[in-house]
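Let's take a friendly walk through two parts of this model. Please keep the sequence and structure open beside the text.

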Amino acid sequence: MHIVDRHDYTSMPDPLRCTGRLESLELRLMRSMIFAIKEINNSTELLPGIKLGYEIHDSCTSALVAVHVAFQLSNGLDPEFNTGDNCSQSGLVMAIVGESGSSPSISVSRVTGPFNIPQVSHFATCACLSDKQQYPNFFRTVPSDNFQADALAKLVKYFGWTWIGAVRADTDYGNNGMARFLATAQKEGICVEYSESVLVTFSRSRIQRVADIIRRSTAKVVVLFAASQDVRVLFEELLREPSPPRQWVGTESWLPHTELMRFSFVTGAIGFVIEQAGSPELIEFLMDLSPSNVASSPILTEFWEDVFNCRLGKTGGESTGPAPGEIMCDGTQDMHNLQNAYTDFANLRSGNMVYKAVYAIAHALHKSLCQDTESTSHCDKYKRIEYKQVLTELKKVNFTQSGYDVSFDENGDPVPKYELMNWQTSDSGSLDAVTVGYYDGSLPVGQEVHIKKTLTFMDGLTELPKSVCNENCPPGTRKVLQKGKPICCYDCVPCAEGEISNTTDSPDCLLCLEQFWPNAKRDTCLPKPVEFLSFDEVLGIILAAFSVGGACLTIMTAVVFFQHRASPIVKANNSELSFLLLFSLTLCFLSSLTFIGAPSDWSCMLRHTAFGITFVLCMSCILGKTIVVLMAFKATLPGRNVMKWFGPLQQRITVMSFTFIQVLICTLWLVISPPTPTKNFNVYKTKIILECALGSAVGFWGVLGYIGLLAFFSLVLAVRARKLPDSFNEAKLITFSMLIFCAVWITFIPAYVSSPGKFTVAVEIFAILASSFGLIFCIYAPKCFIILFKPDKNTKKNLMNKK
């Protein structure tokens with residue numbers, strides 16, 4: 001029912017009156033309370049010997065009427081209810097069951113709270129009522145909206161919906177419940193595109209604006225925190241102009257209401273509702289209505305005449321005829337043929353809460369009035385108790401009734417337990433409310449939601465819809481929030497070079513370890529490939545072939561010289577140093593092979609020392625040959641006998657001395673800080689270079705510097721001897737070979753420093769081979785040509801011919 005409140009401001013307002021049709025659901029709640037009281041009065045265990053009485057008031061869902069009723073209850077029963085000795089505490093209301101709504105419950109509690117009159121609501125879920133400083137006398141058997149809001153947020157998170165719309169009733173229930181939901185949703189990483197309010201009394205334009213927002217939104221999920229009458233007006237507006245499919249998430253205040261299932265676009269709606277219950281005895285009691293027992297109650301008479309659309313023939317014991325247009329009830333009306341909210345026994349959830357509330361009060365009274373022994377309970381119905389005593393005992397109740405646990409926490413709230421309801425299409429094509437799971441707030445965090453059956457989502461599909469502001473960022477990218485938008489709206493930015501992300505919607509990218517590198521998708525770190533100059537690759541094969549070829553060429557030259565060792569041209573060019581030079585060149589060619597292959601401790605030490613020593617031996621031989629040429633010329637001058645100071649023994653000592661110095665440098669290098677194999681991560685980001693670290697840079701450049709110093713002296717002396725008046729002056733060949741040698745090694749330095757990775761080694765091998773080929777071709781090619789193809793010039797006379 002509703003109230004009529006008219007003011008003309010010229011006279012005292014009329015008393016508040018209820019008008020409209022009787023709410024069938026509220027009537028069923030009232031009858032459920034009466035059933036529980038009768039069951040307790042017939043019990044031999046609970047309050048034996050004591051009969052509970054009751055008084056029922058209609059608040060018309062109005063806070064104003066609720067305040068008026070609360071004052072009446074606080075002042076005591078009206079005299080007409082006082083039956084004298086039949087009641088132990090006549091006129092005192094020991095507890096209040098109700099209200100169904102949060103706003104009327106708040107009003108009642110504010111009035112009765114100062115008197116410590118306990119109030120137990122069966123359906124007021126506003127979280128604000130858990131505040132014991134404001135509502136110290138308030139209890140409820142239905143979970144608080146805080147619990148439901150938290151459960152809804154976890155449900156939305158469970159399905160992965162991070163982009164939602166929020167609609168609430170503009171009441172204490174809707175505003176407080178949605179505020180709690182939004183706070184919890186934010187902690188769960190859920191973002192809200194819009195948050196709007198509706199109310200049954202809003203103008204159509206205001207409801208239409210909310211409907212348009214829902215239609216235009218990109219969020220596919222709408223969380224609706226409102227009462228059934230407020231939901232109805234919104235759905236009726238949405239029905240006028242169909243909107244894109246939406247997944248509705250609801251609360252217990254509208255999901256169980258079958259009258260809303262006529263809106264087919266809400267198929268797949270899901271949410272939590274309070275637990276279902278209903279014993280056969282309760283259903284039988286609710287259906288036990290007939291014209292004879294209905295006529296004794298004005299409320300039941302009004303209900304009977306309204307639902308059957310007829311007029312009972314007797315009222316107050318006198319016959320009355322029907323008014324014009326009315327039909328008399330002829331006794332054929334049967335409750336079993338009635339289908340409305342009162343007979344919807346598939347939805348006895350709120351009735352179960354009333355049942356629990358009555359029993360909770362009865363247990364508190366039992367503790368206040370009765371003494372329990374092992375076998376019996378004795379109750380003193382004449383004992384006078386205070387409200388506060390009942391209030392104290394109510395806080396302690398903890399019992400199980402009809403399989404359901406009843407207790408209150410410090411805020412007067414029960415343990416939050418819900419059923420998960422889903423609107424599914426039946427075989428007949430109509431919508432049915434199906435219980436598909438449950439929520440138990442006493443379970444560990446993350447395990448509260450349990451789903452037992454297949455779900456139906458929007459449009460009747462079983463496929464889980466997606467509702468996100470952006471598509472998920474795939475592995476290999478990271479989330480970057482869009483400026484000025486919620487945290488659920490972001491751009492997917494590829495990970496930076498050297499970083500990966502291996503999870504969806506990763507907020508950050510991880511840097512790969514030094515020896516790893518991301519794959520092309522940048523979602524996995526793979527071991528970097530190892531690179532070194534190998535015998536298996538083309539470049540290594542070519543360089544190795546030239547190295548072996550150069551060594552073979554040198555050996556062939558030595559064979560030619562050995563076969564013609566008695567010829568003048570061999571004798572004239574210091575055959576001993578020539579053979580030693582050929583031996584050193586062979587070693588120079590072969591030393592380049594030590595630079596190919598995976599570096600190891602021995603190969604790193606061998607490659608640099610072998611190269612340094614063999615080249616010094618080579619330069620020492622060339623320097624010796626150059627000195628011999630100069631000394632030979634000076635020995636031809638009268639009065640000079642220089643050659644005796646640079647004979648074969650002195651030549652050997654000179655060569656060995658120069659070589660020993662290099663051996664000493666290499667030994668110090670290896671002892672102090674030798675070359676070692678190392679992994680170079682700096683040249684390439686995507687691969688590892690295996691190379692030989694120089695160890696001591698001073699040692700390395702000392703070896704090269706000493707070779708360069710000998711080459712420089714050889715070049716200077718060769719240049720001085722190049723114009724000596726011999727028909728076959730070897731100094732010219734040495735000069736040209738030294739020019740090539742110096743040119744190669746001068747260009748080697750910048751090329752060596754700037755070449756990356758394995759090409760550094762290739763440049764060094766190339767310098768060794770180029771300088772070695774330059775020496776053998778410049779010094780020995782002309783001589784071999786004369787020996788093999790111009791034997792007529794290989795005579796002493798020809799060699800002694802002066803210009």
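Five bridges connect strand 27 (residues 676-680) with strand 28, and the two run antiparallel. Here strands are DSSP runs of E with at least two residues, helices are runs of H or I with at least four, and both are numbered from the N terminus. Within this pairing, asparagine 680 has isoleucine 689 of strand 28 as its bridge partner. Strand 28 (residues 688-693) is also joined to strand 26 (residues 530-531), by two bridges and in parallel; there, valine 530 has isoleucine 688 as its bridge partner. Two strands count as paired if DSSP finds at least two bridges between them.

Together they form an open sheet of three strands in the order 26-28-27, with mixed pairing. Strand 26 and strand 27 are at the edges, each with a single partner strand, so one side of each has no neighbour in the sheet.

## How the model is read

This is a predicted model, in which local features need pLDDT of at least 70 and side-chain atom pairs count only at pLDDT 80 or more, while totals for chains, interfaces and linings use all residues. Residues are numbered from 1 along each chain as its sequence is written, and side-chain values use heavy atoms, leaving out hydrogens and water.

Now for helix 3 (residues 102-112), which is mostly covered: nine of its 11 residues are buried, that is, under 20% relative accessible area with a 1.4 Å probe and protein chains only. Among them are Pro104, Ile106, Val108 and Val111. The buried residues pack against helix 2 (63-75), strand 3 (96-97), strand 4 (119-121), strand 5 (138-140) and helix 5 (172-187), with contact meaning heavy atoms within 4.5 Å.

## Helix 2 against helix 3

How do the axes of helix 2 and helix 3 cross, and within what distance do they come? They come within 8 Å and cross at roughly 30°, the axes being lines fitted to C-alpha atoms over the stretch in contact, with angles from 0 to 180 degrees between N-to-C directions. That makes the two helices roughly parallel, a label for angles under 35 degrees.

On the helix 2 side, Ala63, Ala66, Val67, Ala70, Phe71 and Ser74 meet Ser103, Pro104, Ser107, Val108, Val111 and Thr112 of helix 3. By class, this contact has eight nonpolar, four polar and no charged residues.

Definitions and conventions
Buried < 20%, exposed > 50% of the residue type's maximum accessible area, 1.4 Å probe, protein only. Parallel < 35°, antiparallel > 145°, perpendicular 65-115°, else oblique. Nonpolar A, V, L, I, M, F, W, Y, C, P; charged D, E, K, R; others polar.
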